[in-house]
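Subject: Structure handover, with notes on a pocket and some strands

Dear colleague,

I am passing on a structure for you to look through, and my notes follow below it. Please open it beside this email and check each point as you read.

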Amino acid sequence: MSSNFNLTREQFDNVMVPNYAPSKVIPVRGEGSRVWDQEGKEFIDFAGGIAVNCLGHAHPALVNALKTQGEKLWHLANVMTNEPALELATRLTDSTFAEKVYFANSGAEANEAALKLARRYALEKHGEDKDQIIAFERAFHGRTFFTVSVGGQAAYSDGFGPKPQAITHLPFNDIEALEKEISDKTCAIMLEPLQGEGGIIDADPEFLAAVRRLADKHNALVIFDEVQTGVGRTGELFAYMSTEIVPDILTSAKALGGGFPIAAMLTTTEIAKHLKIGTHGSTYGGNPLACAIGNAVLETVNNKATLDGVKQREQMFRDGLEQINAKYDVFSEVRGKGLLIGGVLNSKYEGRAKEFLVAAMEEGVMSLVAGANVVRFTPSLVIPEADIVEGLARYERAIAKVVAG
């Protein structure tokens, strides 16, 4: 279909709210881990739409699910259920600790539901004084006012008026601080098992054990935000599966739809019963089109070959980045898990992560940052090994340019 509009980057400034500042590049087509822009320039995608495109672009299984369901049902109000939603909820409960699922459209909405459920559960089980939510510095949980207030970056929630109350932020991985703060007024502890936006910071096993122990002691719930880490990103279906603890509530989005908007909150029957009819809802949550695609994603990702492949690809990235670093000395550390990888810039390049991102785009590779000091990679879980090799070669050229000034 042709357009009469002049669809350039300048048109963004004419018609879009200026809360984003996209690059000049406008991609128009993708296949696997390769993307082409309006000018026909090819890019290797190490960004994956920020850990969303878990099977790359135009994956046949997802395209087929979209086409097949698109000829059946697109949307139903939640006064009825639908087969794709029931199938996806069953897949999720069969594959995790969870017994009940709530569907939404985005990670923020799934986290909003989790936080509201935790507050309602505490109110009905223990009384109105039990309302404190403990979260962690540098965390990111979404952009609704509740979730951005729980997220540990005040700059994102400042300037919008009075914030939701009874939220406490502590240093991540600090057991002593948690022991001092938690009390019988605490209703929930919310955390990412591997902080994404905060800099690719893994939770220490001892810290997670303390979270679970202290939550149990004070009758608080543990909420795992797996919006970025879930659906195979770390080499497990969900990151909690490689830890010694199990959360009470888990949220998923991003990769769950492989690029199609969908999210889920997972929990137990005992906790779920406190979201009674009318306490919460979502117009598009459980949309049959989204759920059909989610089923195709889970069927493709949740198997040993795919998950083992994530770990193999992680090693390729680590080895490649270490080899680059041996030449150019830009990273103090390469960290992360699976295909959520961060290169921490050393003191010589502190604060310059965005420069590496821009240089990489010029060399034909899409990447990310996680704050000013960490470059981030979240490619497709099934990215071909040849694309990893070529993408890292391009990224090395980008690093060489930044180093040369």
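By class, the lining of the second largest pocket has twelve nonpolar, twelve polar and two charged residues, where Ala, Val, Leu, Ile, Met, Phe, Trp, Tyr, Cys and Pro count as nonpolar, Asp, Glu, Lys and Arg as charged, and the others, Gly among them, as polar. This is a predicted model, in which local features need pLDDT of at least 70 and side-chain atom pairs count only at pLDDT 80 or more, while totals for chains, interfaces and linings use all residues. Residues are numbered from 1 along each chain as its sequence is written, and side-chain values use heavy atoms, with hydrogens and water left out.

The volume of this second largest pocket is about 680 Å³, and of the 26 residues that line it, the closest to its centre are N78, V101, Y102, F103 and G285. A pocket here is an open set of points on a 1 Å grid over the protein atoms alone, where a 1.4 Å probe fits, with protein on both sides within 12 Å along at least five of seven lines, and lining residues have an atom within 4 Å of a point; a volume is the space filled by probe spheres set on the points, which are joined across faces, edges and corners.

Strand 4 gives the most to this lining, with four residues; strands (E, at least two residues) are DSSP runs, numbered from the N terminus.

Elsewhere, strand 2 (residues 34-37) and strand 3 (residues 42-45) pair in the antiparallel sense over three bridges, where pairing needs at least two DSSP bridges between two strands. The bridge partner of R34 in strand 3 is I44, and I44 also stands opposite V365 in strand 15.

Best wishes
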